[in-house]
Amino acid sequence: MKLRAKVTTFFGTFLTVIVFVAAFYTQSVVGNVFKKQTTDNFRIIAEQSENSYLSFLGSMRVRVLDWTSDNTIREIAKTMVKTKKGTTEYERLSKEFTAYISKKKMPYDKTVFLVDLLDRDGIIIASTRPERVGENELEEEISDRKVHNFTDAINAKFGEVFFGKIILKEEESPEPTMNATVRLFDIGEIGEPKPLDAVLLVYFENTTKIGEALGSKYSIYTEASGQQKRITAKALHEAYQTSDIYLVTEDRIMVTRSREEEGGKQHQQVNTFPVRECFENGKEISSEYDNYKNVRVLGSSMCFKEAGVVIIVEVDKDEIHAPLLKLIRYTIVGGAFTIIFGIFAIAIFMRRPLARINNVVMGAKQVAKGNLDVEIPVKTKDEIGYLASSFNMMTTAIRNTQKQLQASKHKVEEEKAKDEALLASLGEGMVATDRSGIIIAINRVAEKMLGLKSADVIGKKAV
């Protein structure tokens with residue numbers, strides 16, 4: 001392989017390795033940092049959604065307590081628990097409760113669809129659905145704790161409200177519902193609360209409102225001062241088309257609308273990794289997993305195991321990694337252009353130095369063939385110029401040495417001819433030896449006298 005090909009291959013391979021190392025670094029190191037930062041942001045949004053959910057429950061608590069402060073409701077309840085069941089007065093009070101709640105209270109809160117009044121034994125004594133009167137809610141609570149929390153409510157202090165778990169009972173409502181249980185109190189002469197043996201059970205059909213509070217449709221924060229730059233659900237939805245925030249119950253049912261669920265399947269079954277971690281292990285996660293659509297996502301969760309709900313924030317992994325993949329593609333494409341340009345530049349830059357080196361190589365070949373008149377032009381003062389100059393000095397020295405050798409050889413041949421003429425002119429036979437007795441010369445007379453030839457005896461011992 002020629003030097004130019006070796007140089008081009010070396011630098012091309014070097015640049016290629018650099019490009020792939022840069023792409024690998026971008027995908028692994030930068031990708032992991034990017035993933036961690038994204039999941040941390042989701043964690044912040046999940047915590048904000050948790051606060052929004054708790055604030056939403058707080059607003060429901062205020063609304064329920066406001067109902068318990070209604071003097072008409074309080075007086076009906078106080079009178080009913082003192083009135084004998086089955087009497088005309090008892091029946092009248094039950095109907096009065098139904099009419100008052102249905103006409104005076106529920107029209108102002110569209111999320112309330114059912115209100116029951118219970119005695120201390122958990123029996124419904126009045127309801128906006130009269131057919132429910134006489135049902136034992138305490139037995140239902142014992143068999144299914146998820147419905148409500150009557151036991152704690154009947155022994156509660158003033159201002160305490162207990163929320164049941166979000167459930168789906170299609171016989172009562174086509175939408176998931178939740179309820180609030182609160183004990184009723186009378187107000188004494190000096191304003192102190194006196195507990196009544198009556199509990200108000202209010203059912204809400206408000207998962208849409210919960211979804212809005214979580215930010216599945218709107219921002220979970222207002223545009224108040226100091227909040228514009230915070231990471232919010234609104235910012236999440238604006239940044240990612242596949243972002244979603246929703247709430248799942250322990251029955252594995254999505255009870256808030258998914259962002260992509262408009263007009264689609266309702267009450268979606270969800271049994272993904274964050275749901276299992278919450279209800280089976282009581283853990284919250286910030287991780288990568290497959291969502292209920294079997295799409296790989298990055299997400300975070302907030303677990304309310306006792307309340308039977310988990311809040312999930314997630315975005316498709318492909319959309320999150322799209323900028324990173326674009327960066328990797330740009331790195332590879334840019335690297336390819338760099339390699340091509342680098343090889344071209346190296347080929348151009350190395351052309352003249354390699355040409356001058358090639359001149360030296362060609363000159364050496366001529367010298368090897370015996371042409372000592374070759375002279376390499378010296379055009380630079382760098383190492384290649386020094387090499388060419390040294391090569392010219394070498395050939396000059398060889399030529400001079402050859403001339404001296406030729407002259408010496410010619411002189412030796414002349415001396416030899418003289419010696420041979422002298423030996424031939426002698427009339428006597430002569431044999432010459434060196435100090436070791438080795439024959440080094442014999443003249444023709446000696447050859448005739450001894451019957452020998454010079455070729456047979458020269459180099460042998462005279463003895």
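Predicted model: local features only at pLDDT ≥ 70, side-chain atom pairs only at ≥ 80, totals over all residues.

User: How many salt bridges does a search of the whole structure find?

Analyst: The search turns up 21. A salt bridge here is a side-chain nitrogen of Lys or Arg within 4 Å of a carboxyl oxygen of Asp or Glu.

User: What does Asp70 form a salt bridge with?

Analyst: Its partner is Lys105, with the closest N and O atoms 3.4 Å apart. Asp70 sits in the loop between α1 (3-68) and α2 (71-80) and Lys105 in helix α3 (residues 88-105), so the pair ties together parts 35 residues apart in sequence. Helices (H or I, at least four residues) and strands (E, at least two) are DSSP runs, numbered from the N terminus.

User: Is Asp70 buried or exposed?

Analyst: Asp70 is buried, at a relative accessible area of 14%, and Lys105 is buried too, at 12%. Buried means under 20% relative accessible area, exposed over 50%, and partly exposed in between (1.4 Å probe, protein chains only).

User: And which residue pairs with Asp197?

Analyst: Arg183 does, the closest N and O atoms being 3.5 Å apart. That links Asp197 in strand β5 (residues 193-204) to Arg183 in strand β4 (residues 178-187), 14 residues apart. Asp197 is partly exposed at 33%, while Arg183 is buried at 11%.

User: Which residues are linked in a network?

Analyst: Arg74, Glu75, Lys78 and Asp186 are joined by salt bridges into a network.

User: Switching topic: where is Gly308 found?

Analyst: Look at the loop between β8 (296-304) and β9 (309-316). Gly308 is buried, with a relative accessible area of 1%.

User: What is Gly308 in contact with, neighbours within four places in sequence aside?

Analyst: Lys165, Val248, Thr249, Glu250 and Phe279. Contact means heavy atoms within 4.5 Å.

User: Last one: which helix does Glu420 lie in?

Analyst: Helix α10 (residues 383-425). At 46% relative accessibility, Glu420 is partly exposed.

Methods:
Residues numbered from 1 in each chain as written. Heavy atoms only, no water.
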